[in-house]
Amino acid sequence: MEVTNVCEYEELAKQKLPKMVYDYYSAGAEDQWTLKENREAFSRILFRPRVLVDVTKIDMTTTVLGFKISIPIMIAPSAMQKMAHPDGELATARAAASAGTIMTLSSWATCSVEEVNATGPGIRFFQLYVYKDRNIVRQLVRRAEKAGYKAIALTVDTPRLGRREVDIKNKFRLPPNLTLKNFEDLDLGKMEKVNDSGLAAYVAGQVDQSLSWKDVQWLQTITSLPILCKGIMTAEDTRMAIEYGAAGIIVSNHGARQLDYSPATITCLEEVVKEANGRVPVFLDGGVRRGTDVFKAIALGASGIFIGRPVLYGLAVDGEAGIKNVLKMLRNELEMTMALSGCTSLEDITRDRVLTESDKIRRSISRL
């Protein structure tokens, strides 16, 4: 089967992966309403294309935290990638570097920060969960700095793990041949076999539920790296993140894996962008499967987007080559969308290029 779009990788991955692994990667929390809504919300945003624009040359380059990347499409942190392919995060790092974009390594990776760094040059961020033992956090951050990572993506929406019912049914745990590599030397790299989700038990035992805004400031005392707050969805929390020193915000609902019936991230984006008001960059994570989705996010104020599941599915199907193809397809679709909308650079993708549900309501009211 010739793969012609990113979504087709999911079905191929489902056929290839063990059920427990596919379910872990693909599922959302509880009723999975937010999981569906993350995708469907994009379909309610329409284009307002402009014509008779010379689109012979289209520039998709941008800058993130001072680092130039070839496309505004970056790789989100996804845990335990060796469950998808023996090369795991190493393949992801190589594919991201080849595409000239940023990879974010999960704390719960099956390759260590040092192993990923050893794949060669590349711009990499490190995603951080704050453990109850703060010495563990200090060690992790120090290792990421030493290995050349350029930012910390602090996950702020996981004081507890969301109720992922498929993981409970499958009694999910990390396969015995794999470890959470960054914690291997700390005897925290394995998950115990339990009667429900092994990951949920691991999180309950290790992750600090008392995490608060003060800890964003504390992190700044142990690292000089910029800190992105990942998991912000409201103006109120945007205000707090900036007040406490965040260098950027990732609008995210954790791939719909935490609080079900929270809104799709694309519907929260404008609220966050408006509150940030240019003081820090705002990025979008969640539901992106098409270049058209990337365009819509940029039009609503995102400085770039992160993709998670598409990378995992590409990795499962064809390793590094699969991820490269995912990034290539999204790049080509974004370029086509820009050309057909009359945009030759990302700066041309302005708010007036899209029509949201709120816009439609306002237009209807104005006609009364």
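I began with the record: an unreviewed UniProt entry places the feature "active site" at His254. I note that the model I am examining is predicted.

**Entry 1: His254.** I located His254 in the loop that runs between strand 9 (248-251) and helix 11 (265-276). I then looked up its accessibility. The relative accessible area of His254 is 12%, and I therefore record the residue as buried, the cut-off being under 20%. Next I listed its contacts, setting aside neighbours within four places in sequence: His254 touches Tyr129, Thr155, Asp157, Thr158 and Arg164. With Asp157 I also found a polar contact, side chain to side chain, at 2.9 Å.

**Entry 2: Pro159.** I placed Pro159 in the loop between strand 7 (152-155) and helix 7 (165-170).

**Entry 3: helix 10 and helix 11.** I turned to helix 11, whose axis comes within 8 Å of that of helix 10 (residues 235-243). The two axes cross at roughly 40°, which means that helix 10 is oblique to helix 11. I recorded the crossing of helix 10 and helix 11 as right-handed. On the helix 10 side, the contact is made by Ala235, Glu236, Thr238, Arg239 and Ile242; helix 11 contributes Glu271, Val272, Glu275 and Ala276.

Key
Residues are numbered from 1 along each chain as its sequence is written. This is a predicted model: local features need pLDDT of at least 70, side-chain atom pairs count only at pLDDT 80 or more; totals for chains, interfaces and linings use all residues. Side-chain values use heavy atoms; hydrogens and water are left out. UniProt positions are given in the numbering used here, feature names are shortened, and annotations may be inferred rather than shown by experiment. Helices (H or I, at least four residues) and strands (E, at least two) are DSSP runs, numbered from the N terminus. Buried means under 20% relative accessible area, exposed over 50%, partly exposed in between (1.4 Å probe, protein chains only). Contact means heavy atoms within 4.5 Å. A polar contact is a pair of N or O atoms within 3.5 Å; within protein, one must be able to donate a hydrogen and the other to accept it, and residues adjacent in sequence count only if both atoms are side-chain atoms. Axes are lines fitted to C-alpha atoms, for helices over the stretch in contact, and angles run from 0 to 180 degrees between N-to-C directions. Angles under 35 degrees count as roughly parallel, over 145 as roughly antiparallel, 65 to 115 as roughly perpendicular and the rest as oblique. A crossing is left-handed if the near helix is turned anticlockwise from the far one by less than a right angle, and right-handed if clockwise.
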